[in-house]
Amino acid sequence: AIARIPPPEGRPIPWALVGRPTASRLALTVQLMEGLAIGGVVYLPGKPDQLAPDGAFWQPTLGKHEKISASGLAAILEETTYYVWASAHDFACYESIQFVTALRTGAVPAKIAGGEGSHGLWHVPGVFTSPQSFCTAAHREGAQALYQRARDFYLSKGLLATHLEKALEHV
């Protein structure tokens, strides 16, 4: 199905950012407004992540009214050119769910992965080292080229079921 979805063109929402509220995501919002376009959608529900009294990392639970459903997110992304996200941590993480969600809705996936742990992902189309590198690519290459490159990369990797079958042969 993803192979038949056309690249985004003429969508009314230039970018969308969805996630838990963090200082880095708030800064990313400002950088997107200044470097890409005003008029994006920002959905950062709940309270910022905190440290518990014992020093452990704690994410406050979202109330039912604060959550966005998969169909709600898809409805927004179908009208959006770039689906932008950033991890709340510096671990190397591809976050394929966001990547596939973007492609299925025809939006360009754009993960901002600036931490040292993410250096192994920078060859992946749709993964950017900074908000500035993303904005530069968006202006220089355009949404259609970035979408096609990300889609081609995704399709070249094959189905998860095939990879699992091969992995299970070694168990």
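The secondary structure of this chain comes to six helices and seven strands. The model is a predicted one. Followed along the sequence, these elements are arranged in the pattern β-α-β-β-β-α-β-α-β-β-α-α-α. The chain has 171 residues, of which 42% count as buried. Among contacts between residues at least 6 apart in sequence, 70% join residues at least 24 apart. The paragraphs below turn to particular helices and residues.

Two packed helices are described by the angle between their axes and by the distance between those axes. This description can be applied to helix α3, residues 96-105, and helix α5, residues 143-156, which pack at an angle of about 120° with their axes 11 Å apart. Because angles of 65 to 115 degrees count as roughly perpendicular and those over 145 as roughly antiparallel, the angle found here makes α3 oblique to α5. The crossing of α3 and α5 is left-handed.

Which residues of α3 and α5 meet? On the side of α3 they are Phe 99, Val 100 and Leu 103, and on the side of α5 they are Tyr 147, Ala 150, Arg 151, Phe 153 and Tyr 154. Sorted by class, this contact of α3 with α5 has seven nonpolar residues, one charged residue and no polar residues.

Helix α3 may also be considered in terms of burial. Its buried residues are Phe 99, Val 100, Ala 102, Leu 103 and Thr 105. The elements that cover these buried residues of α3 include helix α2 (70-77), strand β5 (80-86), strand β6 (108-112) and helix α5. Just after α3 comes Gly 106, which takes a positive phi of about 85°.

Helix α5 has a further packing partner in helix α4, residues 131-141. Helices α4 and α5 pack at an angle of about 110°, and their axes are 6 Å apart. Because the range from 65 to 115 degrees counts as roughly perpendicular, α4 is described as roughly perpendicular to α5. In this contact, Ala 137, Ala 138 and Glu 141 of α4 meet Ala 143, Ala 145, Leu 146 and Arg 149 of α5. By class, the contact of α4 with α5 has five nonpolar residues, two charged residues and no polar residues.

How many salt bridges does the structure hold? It holds one. Glu 141 forms a salt bridge with Arg 149, and the closest N and O atoms are 1.9 Å apart. Are these residues buried, exposed or partly exposed? Glu 141 counts as partly exposed because its relative accessibility is 36%. Arg 149 is likewise partly exposed, with a relative accessible area of 38%.

His 139 is also found in helix α4. Because its relative accessibility is 53%, His 139 counts as exposed. When neighbours within four places in sequence are left aside, His 139 is in contact with Gly 35 and Leu 36. His 139 and Gly 35 are 104 residues apart along the chain, and their C-alpha atoms are separated by 9.3 Å.

Beyond its neighbours within four places in sequence, Leu 32 is in contact with Trp 15, Ala 37, Val 84, Phe 134 and Cys 135. From Leu 32 to Ala 16 there are 16 residues in sequence and 9.6 Å in space, taken from C-alpha to C-alpha.

Thr 81 lies in strand β5, one of the elements that cover the buried residues of α3. Is Thr 81 buried or exposed? With a relative accessibility of 13%, Thr 81 counts as buried. Leaving aside neighbours within four places in sequence, the residues in contact with Thr 81 are Pro 8, Arg 11, Ile 13, Pro 14, Ala 107, Val 108 and Ala 143.

The account ends with Leu 155, which is found in helix α5. At 40% relative accessibility, Leu 155 counts as partly exposed. Leu 155 and Ala 3 are 152 residues apart in sequence, and the distance between them in space is 7.4 Å, C-alpha to C-alpha.

Note on methods
Residues numbered from 1 in each chain as written. Predicted model: local features only at pLDDT ≥ 70, side-chain atom pairs only at ≥ 80, totals over all residues. Heavy atoms only, no water. Axes fitted to C-alpha atoms, helices over the stretch in contact; angles between N-to-C directions. Helix = DSSP H or I, 4+ residues; strand = E, 2+ residues; numbered from the N terminus. Parallel < 35°, antiparallel > 145°, perpendicular 65-115°, else oblique. Left-handed = near helix turned anticlockwise from the far one by under 90°. Contact = heavy atoms within 4.5 Å. Nonpolar A, V, L, I, M, F, W, Y, C, P; charged D, E, K, R; others polar. Salt bridge = Lys/Arg side-chain N within 4 Å of Asp/Glu carboxyl O. Buried < 20%, exposed > 50% of the residue type's maximum accessible area, 1.4 Å probe, protein only.
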